[in-house]
Amino acid sequence: MEVFLNNHIEIQHYPNEPDAVAVSSEFREKMSKRRSIRHFSSQPVDREIILNAIKTAGSAPSGANRQPWYFALVTTQSVKEKIRRAAEQVEQEFYDHKATEEWLNDLKPFDTNSVKPYLSEAPALIAVFSRSLCENEDGSRQRSYYPVESTGIATGFLLTALHYAGLATLTHTPKPMFFLNEVLELDKTYRPFMIVVTGYPKRPIKVPKITRKLLHQIMDEY
Ligand SMILES: Cc1cc2nc3c(=O)[nH]c(=O)nc-3n(C[C@H](O)[C@H](O)[C@H](O)COP(=O)(O)O)c2cc1C
């Protein structure tokens, strides 16, 4: 019999799925339909879906299990508007002065500019932060490991969970994003990672025509 460390438990979560190939293919098909949405309807979102998606994000792996992420769910109109005003200022700076010609050119197909109506029109914004220090139960702080990588994985889980439940998202990254700390009154151990704009798309749903790299372009076998 295998001997486990006494802080280990046995789990039964990995049955041999008889239809594993079909299941993986169905999931791929579902995920391939996710697109970034930049025009949201005012249709409200069931809060439970978002909370479930954030719980899913919270189940992601993380360096030494520090779970160095934080999700600020913003649905209050006045707070969304504050975020929009601050983000648009930053974006204006970006489009007018900071972005290189090359970057602006690469953004052309997406028809984006410094005006971001979705930040106040979408029913929910999920501001994602990574934490360089995390609180213990007793309030003391502990360093985290690979906070950015871990938060990236958690955000992937979040986007997947929201998409799986039929919600549309946009990963929005105004640069810099420290205005989020100000608006949400969060100290510097909260490093803004991204804003996940969440809701239902405005119809008709129009998205930029893009292509995906083929499998052989993104992998090799060794
Ligand atoms: C890290 C990251 C940052 C992004 N930032 C922005 C952004 O600030 N504004 C925006 O309109 N789209 C942003 N996007 C969305 C991308 O443009 C989009 O994912 C890409 O064009 C592929 O399209 P798709 O998401 O519809 O598959 C971002 C995506 C990622 C992953």
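Over how many bridges do E2 and E6 pair, and in which sense? The two strands pair in the antiparallel sense over 8 bridges; two strands count as paired if DSSP finds at least two bridges between them. The structure is a predicted model, in which local features need pLDDT of at least 70 and side-chain atom pairs count only at pLDDT 80 or more, while totals for chains, interfaces and linings use all residues. Residues are numbered from 1 along each chain as its sequence is written.

The protein chain contains 8 helices and 6 strands. Helices (H or I, at least four residues) and strands (E, at least two) are DSSP runs, numbered from the N terminus. Along the sequence, their pattern is α-α-β-α-α-α-β-β-β-α-β-α-β-α. The C-alpha atoms of the protein chain fill a box of roughly 65 × 45 × 40 Å, taken along the principal axes. Of the 222 residues in the protein chain, 27% are buried. A residue is buried if 20 or more other C-beta atoms lie within 10 Å of its own, exposed if 12 or fewer, and partly exposed in between, with C-beta atoms placed from the backbone. Two residues are in contact if their C-beta atoms, placed from the backbone, lie within 7 Å. Among contacts in the protein chain between residues at least 6 apart in sequence, 81% join residues at least 24 apart.

Strands of a sheet pair through backbone hydrogen bonds, either parallel or antiparallel. Here, 4 strands form an open sheet in the order E1-E2-E6-E5, with antiparallel pairing. Strand E1 (69-74) and E5 are the edge strands, each pairing on one side only. From one strand to the next, the twist averages 25°. Axes are lines fitted to C-alpha atoms, for helices over the stretch in contact, and angles run from 0 to 180 degrees between N-to-C directions. Helix H2 (residues 47-57) packs on the sheet, where H2 touches E1, strand E2 (124-131) and E6. The direction of H2 makes about 170° with that of E1.

E1 and E2 are joined by 6 bridges in the antiparallel sense, and Trp 69 has Ser 130 in E2 as its bridge partner. On the E6 side, Ile 126 has Val 196 as its bridge partner. Because 8 of the 8 residues of E2 are buried, this strand is largely enclosed by the rest of the structure. Ala 124, Ile 126, Val 128 and Ser 130 point one way from E2, whereas Leu 125, Ala 127, Phe 129 and Arg 131 point the other way.

Strand E5 (residues 168-172) has 4 of its 5 residues buried, so E5 is largely enclosed by the rest of the structure. E5 is joined by 5 bridges to strand E6 (residues 190-199), and the two run antiparallel. Leu 170 stands opposite Val 197 in E6, and His 172 stands opposite Ile 195. Both Leu 170 and His 172 are also among the residues around the ligand, which include Arg 35, Phe 110 and Val 207; a residue is near a molecule if its C-beta atom, placed from the backbone, lies within 6 Å of it.

H2 also packs against helix H6 (residues 147-164), at an angle of about 145° and with the axes 7 Å apart. In this contact, Asn 52, Ala 53, Ile 54, Thr 56 and Ala 57 in H2 meet residues of H6 including Phe 157 and Leu 158.
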